[in-house]
Structures are given as C-alpha cells and as structure tokens.
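Hi,

Here is the structure I promised to pass on to you. Have a look at it first, and then read my notes below.

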Amino acid sequence: MPAPHGTGRPAATGLRPLARGAAVLAVASALLTSLVGVAPAASSATDVADVAVQVNAQAALGRLSDTARGVNTAVWDSHMNDPEVADLMKAADVGAMRYPGGSYADIYHWETHTAPGGYVAPGTGFDAFMGTVAATGAQPILIANYGSGTPEEAAGWVRYANVTKKYGAKYWEIGNEIYGNGHYGSGWEQDDHQDKSPSEYARQVRAYAAAMKAVDPTIKIGAVLTSPGEWPDGVVGEGDPGDWNNTVLPEVADVIDFVSVHWYAGGSDTTAADASARLARLPGELREVRSQLDRYAGADSPGIGIALTEINTNTGGARLTARPNGLFAADAFMTALENGVFNVDWWNTHNGVGQITTVDGETDYGDMGMLSSGACAGDVCEPAPNTPFHPYYGMKMTSQLGTEGDTMVAAASSAQDVSAHAVLRRDGRLSVLLVNKNPEARTVDLAYAGFTPAATAPKASRYAPGDSDITALAAGQASTSRVTVPASALLTITLEPRAGTGPGASAAGTPATPKLEGVTDTTARLSWSSATGAARYLVQERDGAHTYLIGETTGTSVTLRNLPPGSTHTVNVLAADASGRLSGASSPLTFTTGVPSDAACAVTYHRDTSWGNGFVSTVTVRNLSDVPITGWTVDWDWPTGTQKVDSGWNATFQQTGSHVRVTAPDGAGQLAPDGGSTASFGFVGANDGPNPDPTAFRLNGTVCSSG
C-alpha cells in the first residue's frame, strides 16, 4: 500500500486545515577566509562582509537535553529496524525515537501488533523497535492508543515495557493529533469515544495517567496540544468552555509532565524557502505554549516540558528531499530547541515516494522521510533503502554544534538569508552554525560578547553542494572573525577560548535557573540556588543577542524595580568569583509584569470568536477616577508582530507597527467617574501565527487594571 503521508495518515485521508498564512554591521577582521578550498587571504580595512553575526555567550537560551534530536518511526515502515538505521541515527546523535507512527498510534494495539484499518509491516513490533532504540543509544517516545484503546491497555504496555522487559521507557504521550477527530469539522484521527470534545480528552488523560503511573510512577505523561496560531487553535466547539488548549490544560496540568505539539510550516505545496520564512513564527508559538502552561500550572509550570514531536516543511507534498529542506531541518531543529523545547522529532525516518519534482537540478522525491524507502513512482525510483536525504544531514550538522549538557547561546544575523545558531560547550569551546539559504556564497563577519577566542584557527565542518556527508575542512581554512559560507550550505566552526578566559577560568559555578517568586505591575522578585565559589551574582536581561545588567547582589535573590506594566523580560543569572571572573549563564527565565490593581481605569478585553487566522474581540472601558472623562483614547501593543486590526466599530482605529490607538467616535458621551458608565468597541482582527491577548491597556495614557 502507499506509504502514509504527513502525520502518519494514510495517503487516502484528507490533510488538516491550516492557518493563512540594518544595515550590515562593520566588524574588524584580520583574515578573509574562503571555506570552499581557497587559502585565506588578507583583507583590507575597506572590506565589508555580506552579513554580520553577533554571538553572546552570556545570553544562555537553555541546555541541550539527551533527547534533543529525535525522529518518528512507524509500524508500516518495513525498513524501520534495518541495522543501517541505528548506525545513521547514532552518527547524528539522535536521542529519541517516537513510535508507533503518528496517527497510526490511535489504531495500534501493542500487544497484538495490529492496526485495524491500516497496514503493519513485518518485523516492526515493539521489541524489535526497542532493539533499534538500544542500538542507537536513544530513548523511546511512545504514543498510547487513545483513539481505539483504553487506560488499561496503556497500563499493560507500561507494565510490559518497564516491569517485564525493564526497558525504562520514560516518555508516554496520550494519543496523537486527537483534535483532528472531527470535533472541529475535519477528521483524520481515529477516536471511538462518543464524546470527542477536549473536555472528554482531558478526563481520559487523567484516567490514562492514573492507570499508567500506578504501574510505574517514574514515567512522564504527555498531553496533546494544538500549536498556537495553527488550526484549530482559537476555535471553540459547540458546548466547549474554550478552544482545545484552554479546555484541556486547566483539567490536566496537575497530572502531566510534558505537552506534545506538532508544527508543519504549510500545506502540501509549501516550499522549503517558504518554510524557512515561516519559521520566524515558531518562537512566538512556543512562547505562547509556555504562557498557557504558566497560566494553568502556576509554580509547577517549569516542571512541564514541551516536546515538538512532529516537524517538517509541509504535510505531504513535494520539495521535501532536496537540499533546501536540509537547510530548513538544521534551522528548525535549533530554532525549536532555543525556544524552550526539550525534544524535536522529524517526520519521518522513512515515509515513501510522493510527487516527483526537480529542485536546483536535483530530483526531489516528495518523501517526508530522512532516509530513502527505495520506493518508486512510475518509472522514477528513489535511491537504495536507507540512503540519507538532505534533511538527515541538516539534523546531523546540529550535532556538530553541540550535544547533551551544552548551553545554547544567543546569535543574531543581520541578513534574513543567513541564520546563525551558537552553543557554548561544557569544555569552554564555542561552536557557531551558519545556514546560508542564498544561492550564492555569503561572507560573514563574526563578533563575540562574553567569549574571547584563542589565536588558533577554529575547526570547521561543512555540508555544501558536492559534499556527500558532513565534511571537515583542512586546518587553517577558517578564521575566528570572518568566514565564507558556500551557496545553499551549512557551516559550523568551533573555537577554542583564549587561555584564562571564559567560564572555565572562573572559580564560580553556573547558577541554577532563577525562579519567579512574585511579580507586580512594576516589580519582579527572583531567586536562585547558590553557586559554588560565587562572591556575587549578576542578573542580565536579554534583548536579541544583546544583554545588559539589571540587577546585582551578593545574595541569592533580587527584586527588579521600575519595570513597565505589561512588559515581558527574559533574564539570566551569572556568578562572579572573588576575582570577578564570570561563570556561565543560567538557563533563562521569562516573565511578564502585570497591571496595577488600583488604577484609575479598567479595561476588559474579550475574544468573542476566532478561527485560526482571524478573530473578533470586544473591548470595554471604565473610568474609575473621581472626575468624568470627555473624549478618550485607548492604546495597546500586540505581543506579536503579526496581529492586526482589520476593521472595527464604535470607535476609530489606527495601527502603526504593533501599536494600536483607538479613539472615541464623534459625539461619544462622557465616561462617568467611579465606573458609572462604560464605553465599548469591537473589531475584526487577523493573525498569522499565535494570537495572545495584549498585556496592558492605557486610557488617555494611564495604565488600566484588567476587568
């Protein structure tokens, strides 16, 4: 039968609905280095690079987990357990393998190794899969059958896996894309429950968690969420108290250990170039998932992880095996990991031939797999089974950047066609990955904050047109300050620190992630565990790849003051030893200040309805001061750059960038004092990506309370 496409649905099923879609800095450089085999040449002071990249080793983005790089596997894949698979995945430092395969999870019965209505390939049973997991050195991520299974069946699987076989399987999702069960009008996911609502899913998650943890209380249970800004986010089903996430999370936040989201950049005709541009939406979507966890889990939110258990360019069309999707894979893996997920799983290991196209002179087999399945479409056949496609090398290149326990740090590029990612290694080295999506070579100047490179030339590796694998460059072909990245290529350099510099030279250990002890409209109190050898602590706020000091103390807590109401901040803590040498930075904490509870005005923002890429909201304003207001303006800023007001009523609307100003209509009456009257207006909005509510409103310039 044809290989399933997209998220594990057979090719005959429908695809899910989808939402709608500085100048270059001059950096002094001593050497102009070509990374295409040309010897380094001296550069003059007038040379200007195409791109400037700034790396800040003191702006930590989090640490790479042992499950950071992952892949999906499927019981319909006859090559799933070929010995070559384990060898290839081990070489790419794959730490997680997800089973039994997308939507097949909700028809698959582990004990009988059957999937009624679907195809199960020989040799793909659970024990065979675990053999591949062990040979890879990875961990399994297992999907318990929600659609046609029971809590008891799932508990039996836990017992077999962890008690009988002692596999130590830690991560267990409850179902796959259950929001695709038809409740919102589109259905591809099997769900035999009479009640297909998110409320029923939440009730069942609790039942599954109780039954499964009764067998092994050490396992981690994951619940399925929608990605904010992607269908059906924002859609409220008949009789539901809210959309999927805002119905499920309040009911399960106390029993889950992680949430599972999927992200495909577009529909079946999305190109890798399109996907790369849309990747800019992913950080905001992941921030909104964390915000939702913060809202419903409170102080327990940091203990709930986010796993991006399916990602690819599109949901089953063409342009998937060619080089641009390899560049996208590297960029997407690191973007997701830098924005708070502990695991990213590519869809798929093998998937099967699809639409045949030609991309940049190469045959693209329309295959969502990282490795060839050896299948044919008409008279066009894929390479031999397990031949890696470009996305495999994209993922593999990220293992050149860093491994478990290394710290991702901020890197910013001045050009959209060259992405930059950086990792501070545990041994003090710094690695920088450059993703050149331009069909021409790009010269990149590199500058560093919080890191001083040694004079020795860095090591470099490349995956460029003509390379059959990740290729190490000869010694001396890379400079610490300037590199040339070949056209449509990936390049990683690893620099040694100058002796006596960097966190390794400090007697102070790296502080733990700070905790938010309390927050008001203008203050935030943070605390952290003491670090060995610390004489004092510095609290730094991050803005892109730049940081600035906002707090300093000899203790392990600090209160930040004079913060703007409704503002979002990301901070790291560093320790200084008695000589002033700085440790590595803690993992980041992001928080948002509130609004005053005793303000002279109050604003209620209510989202009346939404449909993925659009919404209708009503805003109600009250004057709580002791004097009337004649004529008014209401201002707010959207949390993302893709939200906007399309049209409105009962007021005049103006939007500049992310800032909105609403002015009272002609003839509007006074706003009576002490809340004696209200003014209401509404609008139709649009969003391309997540759609979080504004955090602060101002009435005639005064910050208002909410409600």
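A polar atom of the Ser 479 side chain lies 3.5 Å from the backbone nitrogen of Arg 482, and a polar atom of that side chain is also 3.1 Å from the backbone nitrogen of Ser 481. Both are polar contacts (N or O atoms within 3.5 Å, one able to donate a hydrogen and the other to accept it; neighbours in sequence count only if both atoms are side-chain atoms). Ser 479 sits in the loop between strand 21 (471–472) and strand 22 (482–485); strands are DSSP runs of E with at least two residues, and helices are runs of H or I with at least four, numbered from the N terminus. Ser 479 counts as buried because its relative accessibility is 5% (buried is under 20%, with a 1.4 Å probe and protein chains only).

Please keep in mind that this is a predicted model: local features need pLDDT of at least 70, side-chain atom pairs need 80 or more, and totals for chains, interfaces and linings use all residues. Residues are numbered from 1 along each chain, and side-chain values use heavy atoms, without hydrogens or water.

Five strands form an open sheet with mixed pairing, in the order 34-37-32-31-40. Strands 32 (614–623) and 37 (678–687) run antiparallel over nine bridges, and Thr 620 has Ser 680 in strand 37 as its bridge partner.

Enjoy exploring!

Best wishes

Key
Buried means under 20% relative accessible area, exposed over 50%, partly exposed in between (1.4 Å probe, protein chains only). Two strands pair if DSSP finds at least two bridges between them.
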